[in-house]
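Here are my notes on this model. Please read them with the structure open beside you.

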Amino acid sequence: MVTGFFMLYYARLPYRLGFDRRIAGRLLRFGIPSAAGIALEIMLLNVGYIIVGNIMGKDWLGFYLMAFNVSSWVPGVIGSAIRMVSIAGFSRLAERDGASLSLGVQKSVPLLVTMVLPLAAFMAVLAHPLIIFIYGERWELSAGVLRFLAVLMVVRMLTSFALDILNGQGATRSTVWMNLGHAAAMIPAVIVGTHLDGIRGAAVGQAAAAVLVALPLAMLAVHRAGVRLAPVLPGLLRPAIGALVCAAVMLGLATVTDGLPFVQLVVAGGGGLLAYALVVVTRDQITLLSDRLVRLLPARAR
């Protein structure tokens with residue numbers, strides 16, 4: 001309430017009490033599906049470990065939750081920061097025209113993927129040393145789960161981004177159908193996976209439902225909202241190759257430094273991220289970045 005008060009005060013908007021049926025109807029038609037889509041998104045985040053807890057019991061649930069929490073670091077930090085501005089930004093672009101929205105999506109999606117893929121590779125390849133170093137060997141069983149939840153993490157970032165695009169464009173009903181389709185695929189996949197292979201099977205089920213169902217549904221919904229996605233694909237090629245190179249370098253260096261979790265994280269992780277940067281960052285981008293840094297330096301320092 002205090003935060004809301006200060007935001008309204010400093011916005012200096014000309015408030016006037018009243019009720020307009022037309023405006024109220026537009027708000028409800030936009031807001032109810034949007035709220036339902038967000039509620040379904042929250043349900044999808046929680047239903048996995050609810051199923052695991054009911055089938056496997058509290059001890060295995062603890063291992064699963066540990067891995068799920070680690071995989072949520074990136075969406076929690078980066079994703080939250082993005083969502084603070086993405087809906088408003090896409091809404092402003094949609095107000096101009098469909099071409100502006102498409103161009104904004106085409107530029108922002110490769111940047112998001114470029115930022116997330118190396119972190120996913122780090123979690124997947126170095127899951128064991130990461131869990132052991134932070135939480136101790138008693139939690140090592142979480143590492144096998146984290147490998148697959150790292151894949152889920154990437155898809156979560158992309159589908160959340162798609163929800164922001166749809167909300168910014170006003171296609172809030174599409175968010176409901178998108179999440180319903182994901183839930184219809186994920187719930188049975190997690191149940192079957194848990195019965196077949198325990199907590200690792202649950203993670204495989206979640207990752208498979210996300211990749212095979214949630215991501216295509218998100219792409220379809222965004223496409224139906226008028227956004228051209230074909231120009232995005234060329235921008236994803238270099239990050240995808242960089243992620244493969246990154247994972248290969250990490251795997252090789254992790255084998256050399258086996259048995260030393262901290263050394264593995266520093267050497268293998270650092271080497272893999274460096275290899276990713278060498279593949280993904282172009283010479284023009286390095287030149288542009290160096291020029292900007294030079295401009296930021298005070299004249300005296302130059």
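This is a predicted model: local features need pLDDT of at least 70, side-chain atom pairs count only at pLDDT 80 or more; totals for chains, interfaces and linings use all residues.

1. The core. The largest nonpolar core has 72 residues. Tyr64, Met123, Leu126, Leu146, Leu149, Met153 and Met157 have the most contacts inside it. Helix α7 supplies the largest share of this core, with 15 residues.

2. Met123. Look at this side chain next, as Met123 is among the residues with the most contacts inside the core. Setting aside neighbours within four places in sequence, Met123 is in contact with Val70, Ser71, Val74, Leu130, Leu146, Ala150 and Met153. Leu146 and Met153 are themselves on the list of residues with the most contacts in the core.

3. Ser142. This residue lies in helix α7, which runs over residues 141-169. Is Ser142 buried or exposed? Ser142 has a relative accessible area of 0%. The cut-off for buried is under 20%, so Ser142 counts as buried. Beyond neighbours within four places in sequence, Ser142 is in contact with Phe63, Met66, Ala67 and Ile131.

4. Arg83. Find this residue in helix α4, residues 73-96.

5. Arg83 and its partners. Which residues does Arg83 contact, leaving aside neighbours within four places in sequence? They are Glu41, Ser160, Leu163 and Asp164. Also check Phe161: the C-alpha atoms of Arg83 and Phe161 are separated by 7.9 Å. Along the chain, these two residues are 78 residues apart.

Technical notes:
Residues are numbered from 1 along each chain as its sequence is written. Side-chain values use heavy atoms; hydrogens and water are left out. Helices (H or I, at least four residues) and strands (E, at least two) are DSSP runs, numbered from the N terminus. Buried means under 20% relative accessible area, exposed over 50%, partly exposed in between (1.4 Å probe, protein chains only). Contact means heavy atoms within 4.5 Å. A nonpolar core is a set of buried Ala, Val, Leu, Ile, Met, Phe, Trp, Tyr and Cys residues joined through side-chain atoms within 4.5 Å.
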